[in-house]
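This briefing concerns a single protein chain, for which the sequence and model are shown below. Please read the points that follow alongside the coordinates.

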Amino acid sequence: MQRRKFLQKSSLSTAAVLSSSILSTCKNEKAKAAAPLVANAIKPIVIATWNVPNATTKAWQVLEKGGNALDAVEAGVKVEEADVDNQSVGKGGRPDREGHVTLDACIMDQHGNCGAVVYLKNITHAVSVARKVMEDTPHVMLAGEGAEQFADEKGFEKETLLTEKSRMEWLEWKKESKYEPVINIENHDTIGMLAIDAQGDICGACTTSGMAYKMAGRVGDSPIVGSGLFIDNEIGGATATGQGEEVVKTVGSFLVVELMRQGRSPQSACEEAVNRIVKGNPNFKDIQVGYIAINKNGQTGGYCIHPGFSYRVYSEYGHENIESNSYL
Ligand code: SD4
């Protein structure tokens with residue numbers, strides 16, 4: 001029932017999207033820019049990569065009380081960062097091939113402000129350090145030792161991020177030392193989250209420990225604004241999961257948002273972004289990438305290369321895990 005209501009509401013808001021795409025065909029560029037994208041908007045709403053009910057519930061609780069989307073996405077992804085059983089993000093993450101857990105994260109607000117940390121060690125809540133970079137520095141990204149020093153100055157607690165479980169798995173991996181990313185190993189993982197608050201503002205966050213057994217120093221897509229995450233408060237937002245190198249090469253999340261700007265639905269935009277990765281890539285069957293997106297109306301979409309990726313949506317019309325459609 002909840003799902004039906006959710007879908008009905010989603011298709012209701014299609015009317016608004018349709019009117020905006022009709023407008024977008026008119027010759028007057030100014031009229032195009034003024035397209036009423038927010039009629040019938042579903043808000044508040046939160047969407048996150050993978051089946052992360054605890055994270056989306058946390059974000060929803062912030063939104064439900066009238067909190068803003070930035071606080072919601074930060075609070076939501078922090079749940080996964082703190083969860084030692086989630087071995088793709090935060091504390092408990094799988095290490096690089098030298099046994100170090102290094103975190104990448106970014107956050108973006110409704111004004112186009114963003115902050116990111118890359119190759120951060122010893123701090124669980126990388127997303128909160130990223131937010132401090134955004135709010136308290138003149139920069140958008142801090143890396144490695146500098147990021148850790150900044151976190152220290154801001155009072156973040158230092159912790160050992162490598163758990164016994166992840167350490168034992170790494171020691172096992174070292175016996176063969178083959179870097180072969182496992183498709184859908186995450187099942188709930190690197191978390192990318194997008195939210196629209198009651199004011200209609202869109203914000204997003206993305207946080208990860210990166211690909212397991214990556215080379216020391218490797219940085220993926222997740223902290224790269226435009227690749228792992230992108231928000232344009234007039235249009236919508238997108239975020240990515242999976243093999244970051246492919247997302248970076250196609251500037252994936254920015255691409256999804258730009259396609260929505262051109263009138264595509266979130267679903268269609270995610271599909272095109274996956275197609276860009278697949279097209280002309282003989283190795284695409286060895287790669288998993290998944291995108292999720294939301295537009296200003298609260299319409300959502302997701303798409304991936306391999307089956308097995310899902311995303312979670314929470315709005316007043318329901319809280320559900322949606323199996324993403326896939327290229328293969
Ligand atoms: C990365 N995109 O570091 C991240 C990893 C990931 O599910 O999403 N894993 O490339």
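The structure is a predicted model, in which local features need pLDDT of at least 70 and side-chain atom pairs count only at pLDDT 80 or more, while totals for chains, interfaces and linings use all residues. Residues are numbered from 1 along each chain as its sequence is written, and side-chain values use heavy atoms, with hydrogens and water left out.

**Confidence and overall architecture**

- The average pLDDT of the chain (the predictor's confidence in each residue, from 0 to 100) is 88, and 86% of the residues score at least 70.
- Over residues 1-35, pLDDT stays under 50; for this stretch the model has 40 contacts (heavy atoms within 4.5 Å) beyond four places in sequence.
- The chain contains eleven helices and 13 strands; these are DSSP runs numbered from the N terminus, with helices being H or I of at least four residues and strands being E of at least two.
- The chain has 328 residues, of which 56% count as buried; buried means under 20% relative accessible area, exposed over 50% and partly exposed in between, with a 1.4 Å probe and protein chains only.
- Among contacts with a separation of 6 or more, 66% come from residues 24 or more positions apart.

**The five-stranded sheet**

- Strands β7-β8-β9-β10-β13, in that order, form an open sheet with mixed pairing; two strands pair if DSSP finds at least two bridges between them.
- The edges of this sheet are β7 and β13 (325-326), each of which pairs on one side only.
- Strands β8 (residues 236-242) and β9 run antiparallel and are joined by seven bridges, with Gly242 opposite Val289 in β9.
- On β10 (residues 300-304), β9 has an antiparallel partner joined to it by five bridges, and Tyr291 stands opposite Tyr303.
- The hairpin of β9 and β10 has four residues between the strands, and Gly298 takes a positive phi near 85° there.
- The pairing of β10 with β13 is parallel, over two bridges, and places Tyr303 opposite Asn325.
- Strand β9 (residues 289-295) is largely enclosed by the rest of the structure, because seven of its seven residues are buried.
- Both faces of β9 are covered, with Val289, Tyr291, Ala293 and Asn295 buried on one side and Gly290, Ile292 and Ile294 buried on the other.

**The nonpolar core**

- The largest nonpolar core holds 82 residues, and Val117, Met193, Val256 and Tyr291 touch the most other members; such a core is a set of buried Ala, Val, Leu, Ile, Met, Phe, Trp, Tyr and Cys residues joined through side-chain atoms within 4.5 Å.
- Apart from neighbours within four places in sequence, Val256 is in contact with Ala238, Ala269, Cys270, Ala273, Tyr291 and Ala293.

**Aromatic rings**

- Rings of Phe, Tyr and Trp (its six-membered ring) pair if their centres lie within 6.5 Å, with planes under 30 degrees apart counted as stacked, over 60 as edge-to-face and the rest as tilted; by this rule there are six aromatic pairs.
- Trp60 and Tyr314 form a stacked pair, because their ring centres are 4.8 Å apart and their planes are at 10°.
- This pair links distant parts of the chain, with Trp60 in helix α4 (residues 53-64) and Tyr314 in strand β11 (residues 310-315), 254 residues apart; both residues are buried.
- Phe230 and Phe254 form an edge-to-face pair, because their ring centres are 4.9 Å apart and their planes are at 80°.
- Phe230 lies in strand β7 (residues 229-232) and Phe254 in helix α10 (residues 252-261), so this pair ties together parts 24 residues apart in sequence.
- Phe230 is buried at a relative accessible area of 14%, whereas Phe254 is partly exposed at 35%.
- Trp50, Phe309 and Tyr311 are linked into a cluster by ring pairs.
- Arg97 lies over the face of Tyr179, at 5.2 Å from the ring centre; a charge sits over a ring if NZ of Lys or CZ of Arg is within 6 Å of the ring centre and within 35 degrees of the ring normal.

**Backbone geometry**

- Most residues other than glycine have a negative phi, and most peptide bonds are trans.
- Lys43 and Pro44 are joined by a cis peptide bond with omega about -5°, and Pro44 is in the loop between α3 (29-33) and β1 (45-49).
- Tyr119, in strand β3 (residues 114-120), has a positive phi near 55°.
- Asn122 has a positive phi of about 70°; this residue is in the loop between β3 and α6 (126-136) and is partly exposed at 30% relative accessibility.
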